[in-house]
Amino acid sequence: MTGFFTLGVLGLSLSVDAFAAAVGKGASEQTARLNDAVRIGAVFGFFEAITPVIGWVLGLALSTWIAAVDHWIAFGLLLAIGGNMIRLAVRGEEQTQPDQVVDQASPRRGVLGLVTTALATSIDATAVGVSLGVMQVNILSACLIIGGITTVVATMGVIIGRHASVWIGRYAEILGGCALIGIGCSILYTHLSAP
C-alpha cells in the first residue's frame, strides 16, 4: 500500500505544470484577489484530482493507448491556448480602446481558457491513475491528496504571477502564453525522448 508521503511527492510532481500555468494566469489577471487565486487553484486541483480516476477506470487495457497520445493532446491544447493568449495580447496592444473589446467576451473566454488549461496540464495524471490501480492504492485518498496539493500550489502560482505582473506589465499575457507553450513543448519532449 502506498503511503501518504509517496502520494504527497506524487501530488507535488504532478502539480508542477499547474503551478507554471497558474503563474501565467495570475500575471495576465492583474486584478486577481485571494479568492480569485483560490478559485483558479481549485479548478487546477479539481482536474488534477479527477484525471487519475479516469485513468484508474480505463484500466490497464487502455494504458498503452493513453501513454501513446497523452503528450500530443496536452501539447496541442497548450499550444493553442498559449498561442491564443499571445495573439489576443498583441492584438489588444494595437487597439485604441482595448478595455471595451476585452470586457465583452472575457468572462466566458476566461472560464473556458482556465478549464482547458487545467485539463491540458492534468492529462498526464490519467496514465498515473492506471499505475495507482495496479499498485492497489485507495484511489479516493490518492485523488484527494493530489487535488489538494495542486490546489495549494496553483493558488500560490496565481498569487506569485499577480505580483510579478507589476514588473512585467503589459507583457504579462504574452509571457503567460509563452509559458503554456513551453510547458506543452516540455511535456512533448519528455515523452518523445524517453527510452
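This is a predicted model: local features need pLDDT of at least 70, side-chain atom pairs count only at pLDDT 80 or more; totals for chains, interfaces and linings use all residues.
Local features need pLDDT of at least 70, side-chain atom pairs count only at pLDDT 80 or more, and totals for chains, interfaces and linings use all residues. Residues are numbered from 1 along each chain as its sequence is written, and side-chain values use heavy atoms, with hydrogens and water left out.

**View 1. A salt bridge joins Asp36 and Arg39.** The structure holds 1 salt bridge (a side-chain nitrogen of Lys or Arg within 4 Å of a carboxyl oxygen of Asp or Glu). The closest N and O atoms are 4.0 Å apart. The two residues sit 3 apart in helix α3, so about one helical turn separates them. Asp36 is buried, at 16% relative accessibility; Arg39 is partly exposed, at 41%. Buried means under 20% relative accessible area, exposed over 50%, partly exposed in between (1.4 Å probe, protein chains only).

**View 2. Val53, Trp56 and Val57 make a nonpolar surface patch.** The patch covers about 270 Å². Its members have over 30% relative accessible area and no salt bridge, and nonpolar side chains (Val, Leu, Ile, Met, Phe, Trp, Tyr) are joined within 5 Å. Val53 belongs to helix α3 (residues 34-58). Val53 is partly exposed, at 31% relative accessibility.

**View 3. Helix α2 spans residues 16-28.** Helices are DSSP runs (H or I, at least four residues), numbered from the N terminus. Helix α2 has 13 residues and reaches 19 Å from first C-alpha to last. Its buried residues include Asp17, Lys25 and Gly26.

**View 4. Residues 72-90 and 139-160 are among those listed by UniProt as "transmembrane region".** The entry is unreviewed, and annotations may be inferred rather than shown by experiment. Residues 72-90 are 100% helix, with end C-alpha atoms 27 Å apart. Residues 139-160 are also 100% helix, with ends 31 Å apart.

How values were computed. Patches are made of residues with over 30% relative accessible area and no salt bridge: like charges are joined within 9 Å, nonpolar side chains (Val, Leu, Ile, Met, Phe, Trp, Tyr) within 5 Å. Accessible areas come from the Shrake-Rupley method with a 1.4 Å probe; for residues, only the protein chains shown count as cover. The expected span of a helix is 1.5 Å times one less than its number of residues.
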